[in-house]
Structure formats: C-alpha cells, structure tokens
Amino acid sequence: MFYREAGQFKTTYEADQAIFPIRQDRIGIGVILAIAFIVIPLFGNDFLINAVMIPFLIFSLAAIGLNLLTGYTGLLSLGTGAFMGVGAYACYKLTSAFPDVNILICILGGGFVAAAVGIVFGLPSLRIKGFYLAVATLAAQFFLDWCFIRVPWLVNYNASGAIEVPLRTLFGVPITGPTAAPATRYLLVLSLVVVMTWMASNLVHGRIGRMWMAVRDMDIAAELIGIRLLPTKLTAFAVSSFYCGVAGAMMVFLWYGGAEAEVFSINLSFTVLFMVIIGGLGSLIGSYFGAALIFILPIVLRLAPTTLGVSINAATIEHLTFMIVGALIILFLIVEPHGLARLWQIGKQKLRVWPFPY
Amino acid sequence: MDGLYKVFVEPFVQMGVAPDLLVQTLWEGLVAGVLYALIALGFVLIFKASGVFNFAQGIMVVFAALTLVGLYEIGLPAFVALALTIVVMLVLAFGVERLVLRPLVNQPDIILFMATFGLTYFLIGLGELVFGGNPKVMITDALYLPRGAVEFEFAGGFVALQKIDIAAAVIASLMVACLAVFFQRTRIGRALRAVADSHKAALSVGISLEQIWVIVWFAAGIVALATGIMWGARSDVSFALQIIALKALPVLILGGFTSIPGAIVGGIIIGVGEKLGEFYWGPLLGGGIESWLAYMIALVFLLFRPQGLFGERIIERV
C-alpha cells in the first residue's frame with residue numbers, strides 16, 4: 001500500500017543502479033539519518049549516547065569489516081579483535097609521534113596499519129581455507145595479543161601498560177580525552193561510520209565486490225574465469241582489516257578513552273563474528289542488525305529484572321544473560337540461518353504486496 | 001652475529017650441558033601434548049561423524065569436571081558422582097541432538113559452527129549458575145588417582161615425573177586404544193565411519209543419523225570428562241580451562257581434522273614444541289611465547305601440507 005515502487009519510472013541507468021532505487025527507501029534512510037544526526041545528540045541522555053549508541057556504531061563498523069571478509073569473500077577469520085587492536089595501537093603511536101596532526105587522520109592511519117598487518121596474515125589464505133584458515137587467523141590473534149602485552153614501545157613505555165588517550169581537538173572542540181563531550185564524540189563516530197558504510201556499499205556493488213563474491217561462491221571457478229585469487233583475497237583482507245582497525249581506534253579513542261591489551265582478546269573476535277552471523281553473512285544492513293542484537297540485548301536483559309521489579313542478584317542475572325544469549329543464538333540460527341538481514345527482506349517483500357497475500 | 005648465536009647455537013649448547021633439564025622439559029611437553037590430544041580427540045570424534053566443528057568441546061570439558069566435583073561436594077560417593085556425571089553427559093548429548101543438530105540438519109558448516117558457539121555460551125551460563133564461578137579443586141584422592149612425584153637420577157641431575165601425569169598418559173593411551181577398537185571392530189563404529197564418509201549414503205543403507213549423533217556426542221562427552229579430570233588434577237577446575245581448549249585447534253590442524261592418530265601425534269608435537277620453545281627460546285623474546293607458538297607452528301606447517309599430517313587429501317572439483 002505505502003511501500004510499493006509502482007509508478008516510479010527510471011529513465012537512466014544511474015537511477016536504475018542507485019543504492020536505494022525505491023523512493024520510500026530513500027525517505028526512510030533520510031529519516032533514520034535525521035534521527036541519528038539531529039534528534040539523538042539533542043535529546044539523548046549520556047547513557048544512551050555513551051553506553052548504547054557509540055558502542056553500537058563502532059561494533060557495526062567492525063562487523064561490516066568482518067562481513068566484507070567472511071560474508072562477501074568467504075574467508076573465515078577469528079582475528080578481528082587483534083586487527084582492531086592494531087588499529088588502536090597504531091593510532092596511539094601516530095598521534096603521540098605527531099601531536100599536531102588531525103586525530104581523524106591518525107584514526108584512518110591506524111586503519112591503514114591494520115590493513116598492512118591484515119595482508120601479512122592473509123597470505124596463508126591462498127593455500128588454506130575454511131576452518132584451517134580460521135586457525136591461521138587465530139595465530140594472528142594470539143601473536144598480536146602477545147605483542148600488545150609484551151612490547152612496551154607500543155604504549156610509549158608508560159607504567160600502566162595501557163593506552164592513555166591524550167586530549168585532541170578538531171576545530172577547537174575537544175573530541176578525544178576526558179574533556180570531550182559525549183555528543184561530540186557520537187557525531188564524529190556517526191559521521192565516520194556512515195561514510196565508511198557508504199564506501200563499503202559502493203565497493204561491494206562494484207567490480208571488486210563482484211570478484212569477492214565470485215571467490216566466495218567457488219574459488220576454483222572464479223580462477224577459471226580470470227579472477228586472480230591472491231590479489232582478490234588480499235584486498236579483502238586489507239579492506240576488512242582497515243575497517244576493523246578504524247573501529248578499534250575509535251573504540252579506544254572515542255569510546256573507552258583508554259584501554260589495556262585485554263580489550264582486544266579473542267572474546268572480542270568472537271563477539272564480532274556473532275554479530276556478522278546473526279545479522280546475516282554478506283549483508284551490510286545485517287551487520288547493523290547483528291551489532292544491535294548482540295550488543296544491546298545483554299543491556300536490556302540486565303536492565304529487565306529491575307524494571308519489572310523482580311529482585312535477582314547481579315551474578316545470577318549475568319549467568320542467565322549468558323544462557324539466554326546462547327539459547328537465542330541457536331534459536332535464531334534455527335529459525336533463519338541467513339540472519340536478520342533475510343528476515344528484513346522477507347518483511348519488506350510482505351509489505352510490498354500488502355494487503356494481498358501475493 | 002650475537003643475535004644469531006643466541007637463537008641458533010646457545011639453546012642447543014644448553015641442551016647438551018644439562019640433559020636432565022632437557023628430559024624434564026620434554027616430559028612436560030609430552031604430558032601437555034597428551035592433554036591437548038585428549039581435547040582434540042573430542043573435536044575429531046564429532047567432526048568425523050557429523051562434520052560439525054564443535055567449538056563447545058572446551059566448555060564440555062569444564063562442565064563435565066564441574067558436574068563431577070559439584071556432585072561429590074553435595075555428599076555423593078566419588079564413583080556414584082562419576083556415574084551420574086556420565087548420565088549428565090548422555091542427557092547433554094540427547095539434548096544437543098534434539099534441540100540443536102536436528103533442526104539444523106543440512107545447513108552449511110559455518111552455521112553449525114556458530115550453533116556450537118551458542119551452546120558454549122549456554123553451558124557457560126548454566127555451569128556458573130549451578131556450580132558458581134569459583135575454581136574448584138578436583139577430587140583426586142577420592143577417585144584413587146595417584147599423587148606426588150617419582151624422581152630418578154639422570155645424567156648427573158634429577159628428573160621429576162608427577163604421578164598424576166603418568167596416570168594421565170596411561171589413561172589417554174587406554175582411551176585412544178578403546179576408541180580405535182570401537183571405531184574399527186564394532187557395528188556402531190562401522191556405522192560411524194559410514195556416516196563420516198557420506199550422510200546420504202549412510203541414510204540410504206538404513207543407518208539412523210540421529211542415533212549416531214547421540215552416540216558421538218556422548219563419546220565426546222566421555223572424552224571431555226576424562227580430559228576434565230586430568231586437567232583438573234593438574235590445576236583447578238575453572239572456566240579458564242575453556243581457553244586452553246583452543247590450543248586443541250593447532251593440534252587438529254597438524255593432525256588433520258579427521259584423524260584420531262593425527263590428533264595424538266599432533267598433540268605431542270605441539271606440546272613438546274611449545275615447552276621446548278618456551279624454555280629455550282622464550283627468554284630471548286621476553287617470555288610468554290607459549291600463548292602463540294603452537295598456532296605459529298601450525299600455520300607454518302599448513303603452508304606446506306594444507307590437509308594436515310594424516311588428513312584426507314583434499315580433492316577439489318568445479
């Protein structure tokens with residue numbers, strides 16, 4: 001009824017190939033962006049911005065990064081946490097070596113360093129695949145973790161052994177460090193995430209994305225039609241690690257405001273992998289859904305008993321949260337193995353034909 | 001030159017000078033390797049029969065050990081607790097088959113892999129809810145496991161072997177022998193191998209997949225219980241063991257995902273390599289290299305033999 005593209009004629013190829021070919025989609029995305037950019041910073045409280053929105057966006061970006069690798073190229077990686085760590089530590093080194101350089105450039109620089117590291121650890125992917133590759137990326141995870149702890153140069157030899165985020169400003173407004181306002185940091189995170197999502201969308205719709213998907217569907221066949229495997233797989237590793245690196249740098253500089261090596265442990269890798277699988281492999285919007293579900297669900301579960309007036313002690317809630325999240329993961333996989341993105345598509349299709357069944 | 005000397009000459013000189021230390025390190029590596037192999041064995045059992053890469057094996061080890069200690073603590077005799085734990089593992093196997101595997105039949109590997117992740121979370125929550133998050137002490141004495149150490153003289157020094165380690169090695173070898181006989185000689189074992197080769201073909205000759213899955217998950221549960229007892233006797237029974245279980249992955253890679261002897265040989269190579277590396281080369285890098293050395297060994301190994309030591313040859317067709 002309301003959501004139908006009937007009557008929207010396209011007269012150019014550009015219009016036909018647009019990211020959002022349907023007018024209602026364009027309106028919808030405009031409304032979402034308006035809420036995200038205007039309503040939330042104006043009316044959201046600190047808890048919503050600091051503890052929900054910023055981490056949600058950062059995790060979404062990391063999930064997009066992993067999705068480019070696992071969902072689009074079919075290379076399973078368990079080293080996401082370490083690549084995020086590389087981004088964070090590289091950003092820290094860059095900004096302490098060049099304090100006058102814009103912090104945004106340092107964050108992106110952290111991403112590029114992560115991309116370089118990603119390429120190195122992606123090299124085995126040419127010969128090994130599937131779960132074997134997952135173990136190879138575990139090597140990256142544990143080796144880099146060890147480096148974060150054992151190489152004091154990475155944290156400028158400070159006594160705490162942790163990243164201490166310095167104060168950096170953009171146009172005179174503090175954006176990192178203890179004095180930065182949550183709303184400023186939120187807007188910065190949001191802008192970066194939106195721009196990078198848009199770039200990822202262009203990538204996967206273009207030649208590179210097609211190459212990735214061909215490799216994912218069957219790498220030997222892809223090779224036979226003239227796709228060179230090594231450059232394709234390595235670009236996937238590089239781009240994915242770049243996204244994860246930027247997400248990691250933002251995590252430390254714009255969310256935590258300081259971090260130890262434990263933050264980037266294997267658990268972070270698993271969390272991001274959950275988001276990608278639950279959200280939907282090979283879907284950008286799915287990465288957002290996955291991040292929302294995996295990150296926000298435990299928050300809601302923790303808040304639920306107090307809201308409902310049931311008193312359970314904190315440890316029990318924590319354990320129950322684990323159980324419920326675990327059970328929900330299995331349930332989601334059973335109900336819809338292709339993730340929340342597929343549910344979204346089904347919903348949209350239903351809406352298009354509504355109120356008729358076909 | 002000095003650096004090269006330290007890396008390539010000095011460790012070997014040390015080995016020659018103090019052979020007793022070398023033997024001690026080798027022994028420790030061997031024991032660690034046997035325990036890795038036990039965890040890897042649980043993975044291999046399930047992977048062979050259902051193609052599921054069971055991430056939950058680590059937590060199953062913890063869960064089995066916790067159940068055993070928990071039941072003992074509420075006053076049951078040790079062997080009754082042991083029997084009940086086996087029953088719990090059987091129930092778990094049935095539950096997993098009914099609630100996780102059966103609805104997910106015919107899904108891609110990665111989905112099943114993620115489902116075992118969900119299972120891991122669930123078991124962590126359940127374990128902590130029922131038994132509490134604190135580390136527990138394994139009931140070594142009540143199970144009549146030996147304690148203390150045997151020392152003997154060797155090349156001018158002493159080598160100390162923990163009795164519990166010897167017991168672990170013996171039990172592990174017994175278990176592998178039993179599993180080998182079970183797989184090769186019994187009717188069910190043959191059915192298991194048939195399922196491993198092809199689900200469809202096995203179904204068409206009348207093998208019940210559901211039954212087979214319960215059996216392998218139960219067998220993996222028993223292996224997990226044995227592993228839990230042995231690891232628990234060496235350290236505490238705590239959820240940290242679950243991370244150690246990840247060490248079974250490089251073992252699997254070395255041995256190949258589908259090979260039981262591979263798991264054993266891989267475990268021993270990884271265990272010995274890790275301990276030797278940590279003891280002789282670790283100080284050069286600032287220590288703690290045990291955490292990643294195993295993965296690096298596996299990674300280098302994979303570059304030369306992508307299917308592992310004993311894995312089946314990978315044949316790819318378009």
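What radius of gyration would a compact globule with 358 residues have, and what does chain A have?

## Overall form of chain A

In this predicted model, a compact globule with 358 residues would have a radius of gyration near 21 Å, and chain A, at 21 Å, agrees with that expectation. The C-alpha trace of chain A extends over about 65 × 60 × 45 Å along its principal axes.

Chain A contains 14 helices and 4 strands. Of its 358 residues, 44% count as buried. When contacts in chain A are taken between residues at least 6 apart in sequence, 75% of them join residues at least 24 apart.

## The interface between chains A and B

Contact between the two chains involves 34 residues of chain A and 37 residues of chain B. On the side of chain A that touches chain B, at least two residues come from each of helix H6 (131-150), helix H9 (219-224), helix H11 (266-279) and helix H13 (314-335) of chain A. H13(A) gives the most to this side, with 12 residues. By class, the residues of chain A that touch chain B comprise 29 nonpolar, 3 polar and 2 charged.

## A helix pair across the interface

Two packed helices are described by the angle between their axes and the distance between the axes. H6(A) packs with helix H14 (residues 290-304) of chain B at an angle of about 140 degrees, and their axes are 8 Å apart. H6(A) is therefore oblique to H14(B). Their crossing is left-handed.

From H6(A), the residues that meet H14(B) are Tyr132(A), Val135(A), Ala136(A), Leu138(A), Ala139(A), Phe142(A), Phe143(A) and Trp146(A). Their counterparts in H14(B) are Ser291(B), Trp292(B), Tyr295(B), Met296(B), Ala298(B), Leu299(B) and Leu302(B). This contact consists of 14 nonpolar residues and 1 polar residue, with no charged ones.

## Helices H3 and H7 of chain B

Within chain B, the axes of helix H3 (residues 19-50) and helix H7 (residues 163-185) come within 10 Å and cross at roughly 40 degrees. The two helices are therefore oblique to each other, and H3(B) passes H7(B) in a left-handed crossing.

H3(B) contributes Val31(B), Val34(B), Leu35(B), Ala37(B) and Leu38(B) to the contact, while H7(B) contributes Asp165(B), Ala168(B), Ala169(B) and Ala172(B). These residues divide into 8 nonpolar and 1 charged, with no polar ones.

H12(B) and helix H13 (residues 260-285) of chain B pack at about 120 degrees, with axes 8 Å apart. H12(B) is thus oblique to H13(B), and the crossing is right-handed. Pro250(B), Val251(B), Leu252(B), Leu254(B) and Gly255(B) form the H12(B) part of the contact. The H13(B) part is formed by Gly262(B), Ala263(B), Val265(B), Gly266(B), Gly267(B), Ile269(B) and Ile270(B). The residues of this contact comprise 8 nonpolar and 4 polar, and no charged.

Val251(B) lies in helix H12 (residues 248-255) of chain B. It counts as buried because it has 31 C-beta neighbours inside 10 Å, where 20 or more are required. Neighbours within four places in sequence aside, Val251(B) is in contact with Tyr36(B), Ala37(B), Ala40(B), Ala263(B), Gly266(B), Gly267(B) and Ile270(B). Ala37(B) is also among the residues through which H3(B) contacts H7(B). Ser208(B) is 43 residues from Val251(B) along the chain, and their C-alpha atoms are separated by 31 Å.

Conventions:
Residues numbered from 1 in each chain as written. Chains lettered and ligands numbered in written order. Predicted model: local features only at pLDDT ≥ 70, side-chain atom pairs only at ≥ 80, totals over all residues. Axes fitted to C-alpha atoms, helices over the stretch in contact; angles between N-to-C directions. Parallel < 35°, antiparallel > 145°, perpendicular 65-115°, else oblique. Left-handed = near helix turned anticlockwise from the far one by under 90°. Contact = placed C-beta atoms within 7 Å. Nonpolar A, V, L, I, M, F, W, Y, C, P; charged D, E, K, R; others polar. Rg over C-alpha atoms; globule rule 2.2 N^0.38 Å. Buried ≥ 20, exposed ≤ 12 C-beta atoms within 10 Å, placed from the backbone.
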